[in-house]
Amino acid sequence: MKRLYLNLALLLALCALGAAVWLAQEKEIKGPPLTALKQSDVSRIRIQHQGKPELRLEKKAGHWHLTAPVRAPADKFEVNGILALADLEVASRFTSEVNLAELGLAPPEYSVTLNDTRIDLGGTEPIKFRRYFSSGDVLGLIDDPPSAALDEDYSDLIAKNIVPEGAELARIALPGKLSLERDGDGKWIRVDAGDARPEQLAKLAESWRNARAMWNAAETEDNPESDAETVQLTLKSGEAIHLVVHAREPQLILSRPDLKLRYTLSKSLAGELLQLPVEKPDVEEPESAPDAAREAKLPPTTSS
């Protein structure tokens, strides 16, 4: 019996040793980072596509802003996808001369410049679909970066929230001549002829402050219809945001002509953003059953 236990222990030890050797052989040596930059050190980004307007982003006071071809707050999640290039692992490097044109690098499909470090991106290889790159005197392969943040369409880079983060609304003008603004005490009041409870106005303003698109897209029309419904948001800073209600179904779509941009929001937000909140009517509580039954059993009273 002791011999059996000894043989089992030896077998388990051999299996463990074999697994360790196999894992050691399978483990790949991690490649160097694409650049010497830390993501937190990057404050300027340029994206260049052949024959297309250059995209530029800058970090100011801890927040990213698109500065060209339009000026707008940037979506931090999309920007983080670009910043990931800074320390992306280099999967392999080429030490011999190669034909750059065959790799899609002469000219490159697009280029990304982080601060002053330029990275040219080419085509993809057919095995693991990694992308060819060139940066300085380094040429090799990296995992394919996220395309949505790096394509020529800047709409993905614009922040999805309608009201800029940290900004305060001062006035809201909605379709149907519904207008409200903050008074001297910071409370919302209705400035058109209609009536509304302060709670309704505050909730409407809060809905706009929190409104966020599911996704952005480039505007496809140069001139929105003249009879379209419009929204005018005025910030405390004096900046005005002009929106056109392009559609309410199947999703709420708001166009912003100055940015040539369309925000696509949930259909349910149309009722929260384009009209006063509907107040629930006050319902009187029914008389409790025990009290009603007790009164029904009482004999009628007579006056003496």
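Predicted model: local features only at pLDDT ≥ 70, side-chain atom pairs only at ≥ 80, totals over all residues.
1. Strand E10, residues 169-174, pairs with two other strands named here. With strand E14 (residues 230-235) the pairing is antiparallel and runs over 4 bridges. Within that pairing, leucine 169 has leucine 235 of E14 as its bridge partner.

2. E10 is also joined to strand E11 (residues 178-182) by 4 bridges, again in the antiparallel sense. Here alanine 173 is partnered by serine 179 in E11. The two strands make a hairpin with 3 residues between them, and glycine 176 in the turn has a positive phi of about 80°.

3. The structure contains 19 salt bridges. One of them links the side chains of aspartate 75 and lysine 160, at 3.0 Å from N to O.

4. Other salt bridges can be listed briefly. Arginine 190 meets aspartate 192 through their side chains at 2.7 Å, N to O; arginine 190 is partly exposed, its relative accessible area being 26%. Glutamate 199 and arginine 197 meet at 3.7 Å, N to O, and arginine 197 is partly exposed at 44% relative accessible area. A network of salt bridges links Arg46, Glu54 and Arg56.

5. Asparagine 216 belongs to strand E13, residues 215-218. Its relative accessibility is 5%, and asparagine 216 therefore counts as buried, the cut-off being under 20%. The side chain of asparagine 216 has a polar atom 3.2 Å from the backbone oxygen of serine 155, and this side chain also reaches the backbone oxygen of isoleucine 158 at 2.9 Å.

6. Beyond its neighbours within four places in sequence, asparagine 216 is in contact with several residues, among them Ser155, Asp156, Ile158, Ala159 and Lys160. Lysine 160 is the residue that forms the salt bridge with aspartate 75. The contacts of asparagine 216 also include Leu261, Arg262 and Tyr263.

7. Serine 92 is placed in strand E5, residues 90-93. With a relative accessible area of 26%, serine 92 is partly exposed. Proline 32 is 60 residues away from serine 92 in sequence, and their C-alpha atoms are 9.2 Å apart in space.

Note on methods
Residues numbered from 1 in each chain as written. Heavy atoms only, no water. Buried < 20%, exposed > 50% of the residue type's maximum accessible area, 1.4 Å probe, protein only. Polar contact = N/O pair within 3.5 Å; in protein donor to acceptor, adjacent residues only side chain to side chain. Contact = heavy atoms within 4.5 Å. Pairing = 2+ DSSP bridges. Salt bridge = Lys/Arg side-chain N within 4 Å of Asp/Glu carboxyl O.
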